[in-house]
Amino acid sequence: MVKQLTSARETILFAAILAILVLVTTRFPGFIAPGNLIDVFNDTSPLIILALGQMAVILTRCIDLSVAANLALTGMIVATLNSVNPDLPIVFIPILAVLIGAALGAINGILVWKLEIPPIVVTLGTMTIFRGIIFVISDGNWINAHEMSPAFTALPRAIFLGLPVLSWFAIVIMVASYVVITRTPLGRAFFAVGGNPHAAVYTGISIGKTQFAAFVLSGALAGLTGYLWVARYAVAYVDIAGGFELEVVAACVIGGISIAGGVGSVGGAILGAIFLGIVKNALPVVNISPFWQLAISGSAIIIAVAFNAQSSRTKGRVILKKAEHAT
Amino acid sequence: MEQSPDPVISLSSITKTFPGVKALSEVQLDLYPGQVTALVGENGAGKSTIVKILTGIYQPNGGAILVDGQEIQFPTAHHASDAGITAIHQETVLFDELSVAENIFIGHTPRGRFGLLDTAEMNRQAQSLLDGIGAQIDPTVRLRDLGIANKHLVAIARALSIDARVVIMDEPTAALSHKEIAELYELVEKLKAQGKAILFISHKFDEIFRIADRYTVFRDGQFVADGLISEVGEADLVQMMVGRSVEQIFPERKPTVGNEVLKIEDYAHPTEFEDIGFSLKRGEILGFYGLVGAGRSEFMQALFGITRPSSGTCRIDGEEKTIRSPADAIANGIVYVPEDRGKQGAVIGLPIFQNVTLPSLGKTSRNGFIRMAKEYGLAREYTSRLDLRAASLDQDVGTLSGGNQQKVVIAKWLATQPKVIILDEPTKGIDIGSKAAVHEFMSELAAQGLAVIMVSSEIPEVLGMSDRVIVMREGRMVAELEGEDLTPETLVRNAAGIEKA
Amino acid sequence: MSLAERHIPDRLTNPLQRALKSWEALLLVVAVTVFIINSLSSPYFLDAWNLSDATFNFTEKAMIAFAMALLIISGEIDLSVASIIALASTAMGAAVQFGAGTTEIVLIGLLVGLICGAFNGGLVTVLGLPSIVVTIGTMSLFRGISYIVLGDQAYGGYPRSFAFFGQGYVWWVISFEIVLFFVLAAAFWVLLHKTNFGRSVYAIGNNPTAALFSGIRVQRVKFILFMLTGLMAGVAAVCLTSRLGSTRPSIAVGWELEVVTMVVLGGINILGGSGSIPGVVIAAFVMGMVTFGFGLLNVPGIVMSIFIGLLLIGVIALPRLWSMFIARRG
């Protein structure tokens with residue numbers, strides 16, 4: 001899918017990531033120690049998972065700004081459930097988180113599908129509504145580590161085959177996303193709806209349903225991340241992951257997923273997320289204040305979107321014979 | 001012509017209403033295996049509505065669809081394609097970002113293990129389909145990288161990939177060159193030989209008589225007649241279409257040519273055109289003829305300031321002018337009535353009077369502040385001159401009929417009091433009755449001393465309206481014809497680049 | 001063609017009839033209702049000073065909303081406005097550290113707003129990038145710069161005369177901000193509804209291609225609108241900084257949402273092409289009044305944001321639900 005273009009972009013992105021690694025390593029060789037790289041990957045896992053969900057949404061010409069709020073709300077709900085009922089078997093928690101997240105995503109999806117409200121408006125609205133609901137549920141209080149059961153907080157940090165379970169979640173979702181995007185009718189439908197909605201209708205693909213599916217997918221992944229996040233940091237409160245939706249969109253845009261829909265790849269989204277993750281982890285190592293991060297991801301969005309536009313700019317028609325030979 | 005026993009698909013008493021409009025009223029249509037049925041009718045006759053019903057995009061409000069005598073319904077596009085009905089649409093309804101094979105098989109890709117899509121099998125099948133229609137296209141390349149003719153072949157391959165029994169071709173030749181049209185005819189013959197039923201929709205009569213076995217005529221959403229093509233003549237079909245006997249008549253003109261108003265020298269663009277130069281006088285109609293994609297519209301857009309030429313000079317009334325934007329062009333008395341009037345013409349959502357005054361706001365305002373009375377005055381002057389029919393001038397232009405919207409667009413341009421008016425395909429896709437009105441109007445403009453440039457791909461129109469014709473091919477001017485030299489033969493020869501016999 | 005000229009009237013309905021059926025009229029009813037409910041539910045509501053205080057809930061946001069209304073009508077959007085406030089406020093705070101006086105501070109605030117707007121506008125119009133992504137990017141970038149400069153610190157020490165913009169009163173309970181609000185409302189009303197520029201904005205929002213072909217300099221108009229929005233964010237930054245008396249990088253977080261909500265509630269079509277300034281003015285009052293009413297009832301701010309979110313979606317959803325309902329019945 002979209003082979004020539006994305007492979008070129010993915011190569012550039014990959015080269016950029018390597019360049020940063022080399023640069024950082026010259027000042028702090030320990031950065032590329034396997035142990036540290038695993039830490040960086042683990043730290044970036046939530047971003048990767050969310051970026052893959054966001055990618056599906058953006059492919060269908062939508063945007064989901066409610067992912068971080070969804071994450072926080074789902075995280076708060078499962079944390080509350082756990083503190084009220086610590087005996088609930090741990091296997092149910094991630095499943096529950098996925099379901100809650102998917103339900104929240106479905107609200108976005110329904111509004112976009114049935115009422116045809118612009119996605120930016122819907123998700124700006126649900127973003128604040130979800131945050132508000134967290135406050136109502138928690139009454140503004142934090143749920144701290146001692147209120148959570150040991151199993152609840154241990155799962156994402158447990159080590160399995162040398163990697164934390166959080167990282168394994170990210171890896172499984174990376175593989176699953178690749179399969180869904182490239183090898184299922186739904187994945188094809190994401191591209192079709194975003195690439196040429198008019199034509200999609202003629203091929204029997206429902207635009208609204210496909211967008212709905214994308215929002216549910218994005219919501220489900222946000223819900224799962226909600227549990228992982230709350231358990232990993234062992235705390236839940238109103239503002240967790242505040243503003244994280246921008247980083248998620250940034251990861252997608254940097255990864256070459258066109259905001260106009262229909263263009264992008266799983267590899268791109270993953271590399272985009274890893275790029276941001278490495279920058280974030282490298283900043284303290286090279287003694288730059290973490291306050292730089294917001295500005296860096298903002299600049300990265302702008303540079304990436306400008307780069308996308310340059311590479312996909314439609315050239316004028318080539319009518320002259322000599323011009324045809326020249327190109 | 002052998003008589004086919006039974007139609008593959010038969011529509012009877014189909015009715016389709018939209019809020020306030022009856023698009024189809026109890027129409028019938030039968031398609032026979034191994035035969036081409038031409039669907040004929042003016043714009044608004046209901047042709048595209050019936051196509052959408054056949055392909056499951058619209059659901060009829062009444063009537064029955066029979067496949068092999070069995071009544072059937074198409075609630076979605078999937079159901080129609082499952083029943084073996086496929087369409088090659090007027091607009092390319094393909095996906096630029098997907099590969100050729102993915103385009104061909106989207107919606108019905110072969111599945112492999114675990115129900116996942118089988119890419120290898122898909123590419124193999126796509127290759128054999130493309131080979132089958134003689135298209136030399138690699139199924140793994142992205143559609144974006146193909147030319148328009150090859151995209152068309154992909155659309156055809158897609159239609160064939162659904163083991164189709166009924167193939168609908170909605171104005172398939174609209175964007176094709178002569179050579180490509182000939183190839184399309186061959187393909188149609190192949191499909192006929194395979195026993196497929198073909199519904200062929202076209203505005204071009206020569207095509208219909210060349211390729212169709214049967215005809216069905218619709219008029220104003222109603223069924224008029226059907227039968228064998230061999231039993232009718234061109235005049236009969238036209239009469240059935242319009243309900244009266246009509247010959248295409250062009251207005252008598254006695255051109256009174258005045259001073260030179262526009263002189264173009266050496267206009268060139270890196271990829272689109274070069275060496276364009278001509279002069280235009282008051283009261284003259286200058287035709288621009290060429291095949292689709294010869295660079296005519298591209299040159300006009302440069303002349304109007306939408307794109308920038310890399311070199312060239314433009315003189316208006318003898319003075320050299322640099323036109324960098326449409327605003328500059330309008331200020332210098334050049335206006336452009338584009339081909340795509342829906343997108344580029346009327347501003348739906350604004351009232352009629354605001355549409356009319358949009359390019360003339362300088363005249364209806366003082367220091368940038370709008371003066372309503374002047375606006376209404378200007379709008380009234382030009383809309384009444386064009387005999388616009390509307391309830392009030394502050395009505396949204398979107399609530400007007402297509403013909404009246406076009407009047408608003410023309411009124412808008414006349415209100416700028418231009419010297420040169422460029423009409424890009426002024427009668428494309430409009431019915432015969434409206435065509436005559438546009439032609440009448442064009443000659444009136446010229447009679448009033450305007451210089452008119454008409455870009456047209458219709459030979460009768462070019463011959464009937466123009467005082468002089470410039471023929472373009474592959475971005476260059478290849479001939480400038482007038483008087484005796486202006487014949488259908490010289491136009492076609494020059495446009496297609498055929499040597500004299 | 002008939003010889004007797006067909007007469008087409010200029011208008012069919014008279015302006016008053018039309019006004020009564022409009023969205024603005026409906027909003028006005030809502031505003032009055034909210035006012036009555038508020039005055040019934042709290043004895044503190046109908047107090048001149050309390051009402052005057054309440055206007056601060058919306059004046060600064062509304063100033064941005066006026067410019068944002070034009071931008072949205074033209075089919076673009078600016079999500080970076082709250083971050084522009086942060087950056088402009090940070091610049092003003094920094095200027096104070098270098099000993100700038102009130103005039104310089106204000107000019108710097110306005111200038112930074114203008115530059116940020118021009119930056120957005122340049123990216124959108126010169127490079128042809130989608131405004132949603134550009135302004136999501138600059139939303140991070142502008143506030144990010146504030147964080148780089150300030151970190152977890154704050155700027156303060158503004159001169160006393162600077163306090164006038166956010167805390168001063170022109171006469172009795174009439175604050176400087178409410179006067180500025182009305183002046184700007186009038187100015188934007190004239191700009192949008194009475195000038196060629198305003199007409200171009202509508203034309204671009206409804207059909208950018210046709211507008212271009214009609215000789216409207218589409219990109220220039222959009223660029224000016226982005227600058228105007230940035231400038232108004234600068235004005236809001238001056239007022240807000242003056243009112244708070246200090247600058248933190250988290251200043252005005254989430255305001256972009258409230259500004260967009262105000263614009264949409266005011267009847268501006270989020271897809272562009274239609275809407276009016278009076279609608280935005282009334283919407284500003286409605287939102288300010290509701291916030292104030294909730295405040296009197298001791299509802300926390302974050303719960304009010306649920307209401308704002310519901311309002312944003314509901315305002316667009318309800319008319320659509322209603323028309324679906326009508327269509328199903330008829």
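Among contacts in chain A between residues at least 6 apart in sequence, what percentage join residues at least 24 apart? The share is 79%. The legends below belong to close-up views of a predicted model.

**View 1. Chain A as a whole.** Chain A is built with 14 helices and two strands. Its radius of gyration is 21 Å, close to the 20 Å that the globule rule gives for 327 residues, so chain A is as compact as a globular protein of that length. Taken along the principal axes, the C-alpha atoms of chain A fill a box of roughly 75 × 55 × 35 Å. Of the 327 residues in the chain, 55% count as buried.

**View 2. The side of chain A that touches chain B.** Here 27 residues of chain A are in contact with 31 residues of chain B. Four helices of chain A, namely α7 (165–183), α8 (185–195), α9 (197–202) and α14 (321–326), each supply at least two residues of this side. The helix that gives the most is α8(A), with five residues. By class, the residues on this side of chain A divide into 15 nonpolar, eight polar and four charged.

**View 3. The side of chain C that touches chain A.** In this view, 39 residues of chain C are in contact with 37 residues of chain A. On the chain C side, at least two residues each come from α7 (131–150), α13 (255–265) and α15 (301–329). With 14 residues, α7(C) gives the most. This side of chain C has 29 nonpolar residues, eight polar ones and two charged ones.

View 4. C:Val133 is found in helix α7 of chain C, the helix that gives the most to the side of chain C that touches chain A. Is C:Val133 buried or exposed? C:Val133 has 28 other C-beta atoms within 10 Å, so it is buried. Leaving aside neighbours within four places in sequence, C:Val133 is in contact with A:Val253, A:Ile259, A:Ile301 and A:Val305. Within chain C, C:Val133 and C:Leu79 are 54 residues apart in sequence, and their C-alpha atoms are 9.0 Å apart in space.

**View 5. Helix α4 of chain C.** Helix α4 of chain C covers residues 59–73. At 1.5 Å a residue, its 15 residues should span 21 Å, and the end C-alpha atoms are 21 Å apart, which agrees. There is a bend of about 25° in α4(C) at C:Phe66. The helix α4(C) is mostly covered, as 15 of its 15 residues are buried. C:Gly75 follows α4(C) and has a positive phi, near 95°.

**View 6. The domains of chain B.** Chain B is divided into domain 1 (9–242), domain 2 (248–333 + 418–501) and domain 3 (344–417). Between the C-alpha centres of domain 1 of chain B and domain 3 of chain B the distance is 40 Å.

**View 7. B:Asp266, a residue with positive phi.** Most residues other than glycine have a negative phi. B:Asp266 is not a glycine, yet its phi is positive, about 55°. The residue lies in strand β11 (residues 260–268) of chain B. How many C-beta neighbours does B:Asp266 have inside 10 Å? There are 12, and B:Asp266 therefore counts as exposed.

**View 8. B:Asn367, in a loop of chain B.** B:Asn367 is placed in the loop between β17 (365–366) and β18 (369–370) of chain B. Its phi is near 55°, a positive value in a residue other than glycine. Because B:Asn367 has 6 C-beta neighbours inside 10 Å, it counts as exposed.

**View 9. B:Met372 and B:Gln354.** B:Met372 is found in helix α13 (residues 372–385) of chain B. With 11 other C-beta atoms within 10 Å, B:Met372 is exposed. B:Met372 and B:Gln354 are 18 residues apart in sequence, and the distance between them in space is 9.8 Å, C-alpha to C-alpha.

Conventions. Residues numbered from 1 in each chain as written. Chains lettered and ligands numbered in written order. Predicted model: local features only at pLDDT ≥ 70, side-chain atom pairs only at ≥ 80, totals over all residues. Contact = placed C-beta atoms within 7 Å. Nonpolar A, V, L, I, M, F, W, Y, C, P; charged D, E, K, R; others polar. Domains from an automatic or database assignment. Buried ≥ 20, exposed ≤ 12 C-beta atoms within 10 Å, placed from the backbone. Rg over C-alpha atoms; globule rule 2.2 N^0.38 Å. Expected span 1.5 Å × (residues − 1). Bend = angle between axes of the 7 residues up to and from the residue.
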